[in-house]
Amino acid sequence: MPQEALAHGVLKGVGDFYAGLLHPIVVPAELLAIAAMGLLVGRSGLATCRRGIPMLAAGVAVGLGLASVVTTSGTTTPLVVAALVAGAIVTADQRVPPWVAAGLAALAGTALGIDAAPEAKSHIAAVTSGVATIVGSTALATIIAALALRVEKHWQHVAAQVAGSWITAWAMLYFAYQLALLSR
Amino acid sequence: MAGSKFGAVGAAIWFLAVVAAGSALGHTGDDHGGGGFSSGFMHPLLGPDHVIAMVAVGLWGVFLGAPAIWVLPIVFPLVMALGGAFGMIEVPLPAVETGIALSAVVLGLCVAFALQPPLWAAALIVGAFAIFHGYAHGTEMPVASDALSYALGFVVATGLLHLCGIAFGNLARWPVGKMAVRAAGVVIALAGGAYLSGVA
Amino acid sequence: MTAALSGRSTAVRLLAALVVAILGWVVPAAAHEVRPAYLQIDQTDDSHYTVLWKTPLLSGMPLPVVLRLPDDVKHVVEPLERPLPGSILQKRVISAPAGLAGRQIAFVGLQATITDVLVRVTWLDGRQASAIVRPSQPWYLVPAEQSFWSIAWDYTALGINHILYGLDHLLFVASLMLIVRDWRVLVKTITAFTIAHSVTLALATFGLVTLPPPPVEAMIALSILLVAAEAVRMERGKVSLTITWPWVVAFGFGLLHGFGFAGAMVDLGLPQRDVPLALLFFNVGVEIGQLMFIAAILAVACSARLIFTSGRSMRIAAAYGIGAIAAFWVVERLDAIFL
């Protein structure tokens, strides 16, 4: 049945694609790390955006590659650290030199890549899903950075700071929780 | 610029789609689970004393005017999170429930009389209140839950309540609205008093 | 002049491909055919069902597929096998106290074959359900009693799912977006595409017009290739029908894509009643999915343009990428037709 073959050809790998694409969006630590990075580079200006976003994408790619070599028990903590630092900078309305933001973005990207690495079902599935993760995280960071970059009105400025404050508060609660677990 | 409007609308729809996709995928959840978010989100909304006090902060912010109205939503979640951290690691804090009820009374009265103290005094009142509330939430945080999602839901719900207060407070631009907001302050103070005296 | 010429030659190539596609479908269709298996379930009283399971013999060998009913189903009459010319008929009577609605019937081993299974379920009250089960998804979910809202919700979800997993339709929309610059033109183009595919989806679902799926699929691939090629030509400063009136092209090819949607929807199985309702909500779902995709592309594109300036090279790269995938599909689908 040729029709069968066709339907299959279109569908093949698409499930893995969406799994990879949406991974950085449905996992809270990844989502907030990207949001914080996007806000940070966006608030730091165009030059930082142009460096930070490619660095983030490259970091994700490196992280995905690393995950196939080293096995970690998850990189939630580095992601939350990155989100906390970036969120705090945005909340305090500070600008950082482009290389700091870009370096932070690269670190966050690497942690995200390791965190999001798919369990290898097959080679093709892993590559499809990995590429989708790079696309998804970079696209999200680009959108948030562009929104933060376009801040003109006062309320938009405050909105960016409020978003940064929420991210920082979330990260603080997470670390307090980890501390509480340790002390119990 | 048509292009930028376009982009903003696109971004908004996209965000909604992402949220929809997230909630759709949420229940398939592996270890990242979506249950933590909703329980964290609901937690601040289920305690009426928390809700009224949080709305009161937003309302008061409107009366306080220019810098306070936008400093409060930025600083408030941070102080609240600090209180939450104290609660979780069990830093001893006396009379938390009394503090919460008292804060509702004080904040309600501040709104009712449309008080405009200097920023530092307002910050002190709101900050003490935020610490107490965060502390209560922190001690009540379920141990087994997904901490990341729970904390996220908690922060978002708190922030949204606060923004609701600010939005409602904007009615104070009109004389009638101003009376309504101040009346709301009276109601909040009375409710806080009821909690304080143990009636409710 | 060159634009017009190459426009004409594109049309000629398109026509040739169409002829080839139709020939390709008609000629070998009768040549070698894999007969489907057939499962019929008839309710006889509250909890009893007669099950007929007919499997084709392939060069004398029985089909290596085992029917697996839900666990709580008991045999009242054990399966009886009866050989028929070219197939085996198995009949049994089962008792399902909890009913069959919402339950799954699996065809163990089907995924290793190229055989489809036609399923037909009839209830006492005269309701019927039917579906085609394919080896890629070797189970059948007996539909539950459907209310208005459950049909509306199910088919909206199916529509969203279908468009978001239908990479070919998405790439067609993406290639149109490469050509369209102005948001007015974008609204016109997307509306034209939507109207066109709604029309043919309705016509095909009600059986008023039927086209064989394989050539339609091949033509859909060709339509993507053509629009992607036009996008590249536009970047080179050329003008053509597609570039000047993208909505005309969107409408024309939208008619084609509607047949593609119809094929998918029939595969998914229509409810016995309320076909127009299912159709409406499937279409709504397709539109929602399409708008989500367009919003995502717009948001990313506008953001990227704000930060990284060279929009033109990105567009050319995208057009070539889409074109390459479409060209691959054209070959693959034509190949599938000839096989």
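Predicted model: local features only at pLDDT ≥ 70, side-chain atom pairs only at ≥ 80, totals over all residues.
**Entry 1. Chain A, overall**

I started with the secondary structure of chain A and found 8 helices and 0 strands. Read from the N terminus, the order of elements is α-α-α-α-α-α-α-α. I then looked up burial: 58% of the 184 residues of chain A count as buried. For contacts in chain A between residues at least 6 apart in sequence, I noted that 89% join residues at least 24 apart.

**Entry 2. Chain A, α4 against α6**

I looked up one helix pair in this chain. Helix α4 (residues 46-69) and helix α6 (residues 98-116) of chain A have axes 6 Å apart and pack at an angle of about 25 degrees. Angles under 35 degrees count as roughly parallel, so α4(A) is roughly parallel to α6(A). The crossing of α4(A) and α6(A) is right-handed. By class, I list 21 nonpolar, 7 polar and 1 charged residues in the contact of α4(A) with α6(A).

**Entry 3. Chain B, overall**

Chain B has 8 helices and 0 strands, and its elements run α-α-α-α-α-α-α-α from the N terminus on. Of its 200 residues, 46% count as buried. Of the contacts in chain B between residues at least 6 apart in sequence, 89% join residues at least 24 apart.

**Entry 4. Chain B, helix α8**

I checked the length of helix α8 of chain B, residues 175-197. Its 23 residues should span 33 Å at 1.5 Å a residue, and I find the end C-alpha atoms 33 Å apart, which agrees.

Which residues of α8(B) are buried? I have B:Val181, B:Ala184, B:Gly185, B:Ile188, B:Ala189, B:Ala191, B:Gly192 and B:Tyr195. I kept the helical repeat in mind here: with 3.6 residues a turn, residues three or four places apart point the same way. The cover over the buried residues of α8(B) includes α3 (48-64), α5 (96-112) and α7 (147-169) of chain B. Just after α8(B), I noted that B:Gly198 takes a positive phi of about 80 degrees.

**Entry 5. Chain B against chain A**

I looked up the contact of these two chains next. Chain B gives 29 residues to the contact and chain A gives 27 residues. On the side of chain B that touches chain A, the elements that give two or more residues are α1 (2-26), α4 (66-88) and α7 of chain B. Which of these elements gives the most? α4(B) does, with 11 residues. By class, this side of chain B has 22 nonpolar, 7 polar and no charged residues.

**Entry 6. Chain C, helix α2**

I moved to chain C and checked helix α2 (residues 148-165), which has 18 residues. From its first C-alpha to its last it reaches 25 Å, close to the 26 Å expected at 1.5 Å a residue. The buried residues I listed in α2(C) are C:Ile151, C:Tyr155, C:Thr156, C:Gly159, C:Ile160, C:His162, C:Ile163 and C:Leu164.

**Entry 7. Chain C, two partners of α3**

I looked up helix α3 (residues 167-179) of chain C against helix α8 (residues 275-307) of chain C; their axes come within 11 Å and cross at roughly 45 degrees. α3(C) and α8(C) are therefore oblique to each other, and their crossing is right-handed. α3(C) makes the contact through C:Leu170, C:Val173, C:Ala174 and C:Met177, and α8(C) through C:Gln290, C:Phe293, C:Ile294 and C:Ile297. I sort the residues of this contact into 7 nonpolar, 1 polar and no charged.

The contact includes C:Asp168, C:Leu171 and C:Phe172 of α3(C), and C:Ile220, C:Ala221 and C:Glu230 of α5(C). By class, the residues of the contact of α3(C) with α5(C) divide into 12 nonpolar, 2 polar and 2 charged.

**Entry 8. Chain C, Leu334**

I ended with one residue, C:Leu334, in helix α9 (residues 311-338) of chain C. Is C:Leu334 buried or exposed? I count it as buried because 21 other C-beta atoms lie within 10 Å, and the cut-off is 20 or more. C:Leu334 and C:Glu217 are 117 residues apart along the chain, and I find their C-alpha atoms separated by 9.0 Å.

Terms used
Residues numbered from 1 in each chain as written. Chains lettered and ligands numbered in written order. Helix = DSSP H or I, 4+ residues; strand = E, 2+ residues; numbered from the N terminus. Expected span 1.5 Å × (residues − 1). Buried ≥ 20, exposed ≤ 12 C-beta atoms within 10 Å, placed from the backbone. Contact = placed C-beta atoms within 7 Å. Axes fitted to C-alpha atoms, helices over the stretch in contact; angles between N-to-C directions. Parallel < 35°, antiparallel > 145°, perpendicular 65-115°, else oblique. Left-handed = near helix turned anticlockwise from the far one by under 90°. Nonpolar A, V, L, I, M, F, W, Y, C, P; charged D, E, K, R; others polar.
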